[in-house]
Amino acid sequence: MTLKSLSLKVGAAGFALAGALVIANGAAARHEDPPSAARGKYLVTAMGCNDCHTPWSVGPDGPAPDMTRMLSGHPQGEVMLVPQLHPGQWASAPTNTAFLGPWGTSYTANLTPDETGLGSWTEDMFLQAIRTGRHMGQARPILPPMPWPMIRNLTDDDLRSIFAYLRTIPPIQNRVPQPLAPAIEEGS
């Protein structure tokens, strides 16, 4: 190997390393961007939050989230019929906003900025709720099927962006029922 070819290889390797560092620094800078509602909207959409937090209705193309009630949670006054479940089974309401299983009955929260939703929440309460799996960051457990154990792996910036986005959506007054403990079977 000649000195010239070695010099070219070292130069090319140095150039590639410098390029990788620039890309890594750019990624780190993006990670530290301030929270943005646009990023929050992207995350809420990509993670499918409307699948459970927006009541479903049946239209001409079949069941779908009713976006006139976007992220408003389980409809106030809507009763979930309790089917007979076998051990290990669970069921959901036709609105896809209430769930029955071994944990009891859980209702999806109103995520809109109305006082019946997240209107009185602070950003810190939201982050603590997702990080700890506790309602309002300190109260009762957040019940299945809410995937908070996965969502808590998002960065603080991503969670702040989600909260920022949720502050921009239309507020919908909808007082979601409190969860119910599992029913105790007779003879148990």
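Student: Let's begin with Glu123: buried, partly exposed or exposed?
Tutor: Glu123 counts as partly exposed because its relative accessibility is 33%. Here buried means under 20% relative accessible area, exposed means over 50%, and partly exposed lies in between, with a 1.4 Å probe and protein chains only. Bear in mind that this is a predicted model: local features need pLDDT of at least 70, side-chain atom pairs count only at pLDDT 80 or more, and totals for chains, interfaces and linings use all residues. Residues are numbered from 1 along each chain as its sequence is written, and side-chain values use heavy atoms, with hydrogens and water left out.

Student: Okay, and which side chain does Glu123 meet in a salt bridge?
Tutor: Arg160, with 3.2 Å from N to O. The two come from distant parts of the chain, 37 residues apart: Glu123 is in helix H4 (residues 123–132) and Arg160 is in helix H6. A salt bridge here is a side-chain nitrogen of Lys or Arg within 4 Å of a carboxyl oxygen of Asp or Glu. Helices (H or I, at least four residues) and strands (E, at least two) are DSSP runs, numbered from the N terminus.

Student: What's the accessibility of Arg160?
Tutor: Arg160 is at 26% relative accessibility, so Arg160 counts as partly exposed. Arg160 also meets the side chain of Asp157 in a salt bridge, at 3.8 Å from N to O.

Student: How many residues apart are Asp157 and Arg160?
Tutor: They are 3 residues apart, about one turn of the helix, and both lie in H6. Through shared partners, the salt bridges join Glu123, Asp157 and Arg160 into one network. As background, an α-helix has 3.6 residues a turn, so residues three or four places apart point the same way.

Student: At what angle do the axes of H4 and H6 cross?
Tutor: Roughly 125 degrees, and the axes come within 10 Å. The axes are lines fitted to C-alpha atoms, for helices over the stretch in contact, and angles run from 0 to 180 degrees between N-to-C directions.

Student: Which class does that put H4 and H6 in?
Tutor: They are therefore oblique to each other. Angles under 35 degrees count as roughly parallel, over 145 as roughly antiparallel, 65 to 115 as roughly perpendicular, and the rest as oblique.

Student: Is the crossing of H4 and H6 left-handed or right-handed?
Tutor: H4 passes H6 in a right-handed crossing.

Student: How many residues of H6 are buried?
Tutor: 8 of its 11 residues are buried, so H6 is largely enclosed by the rest of the structure. Among the buried ones are Asp157, Asp158, Leu159 and Phe163.

Student: How many salt bridges does the structure hold?
Tutor: It holds 5.

Student: What comes after H6?
Tutor: Ile169 is found in the segment after H6, and Ile169 counts as buried at 5% relative accessibility. Ile169 and Lys41 are 9.6 Å apart in space, C-alpha to C-alpha, while 128 residues separate them in sequence.

Student: Switching to strands: in which order do they form the open sheet?
Tutor: The order is S3-S4-S5, with 3 strands and antiparallel pairing. S3 (91–92) and S5 (104–107) stand at the edges with a single partner strand each, so one side of each has no neighbour in the sheet. S4 (residues 98–101) and S5 pair over 4 bridges; two strands pair if DSSP finds at least two bridges between them.

Student: Which residue in S5 is the bridge partner of Ala98?
Tutor: Tyr107.

Student: Last topic: how many disulfides are there?
Tutor: A search of the whole structure finds 0. Cys49 is in no disulfide, and the nearest cysteine sulfur, that of Cys52, is 8.9 Å away. A disulfide is a pair of cysteine sulfur atoms within 2.5 Å. Cys49 counts as buried at 15% relative accessibility, and Cys52 counts as partly exposed at 26%.

Note on methods. Left-handed = near helix turned anticlockwise from the far one by under 90°.
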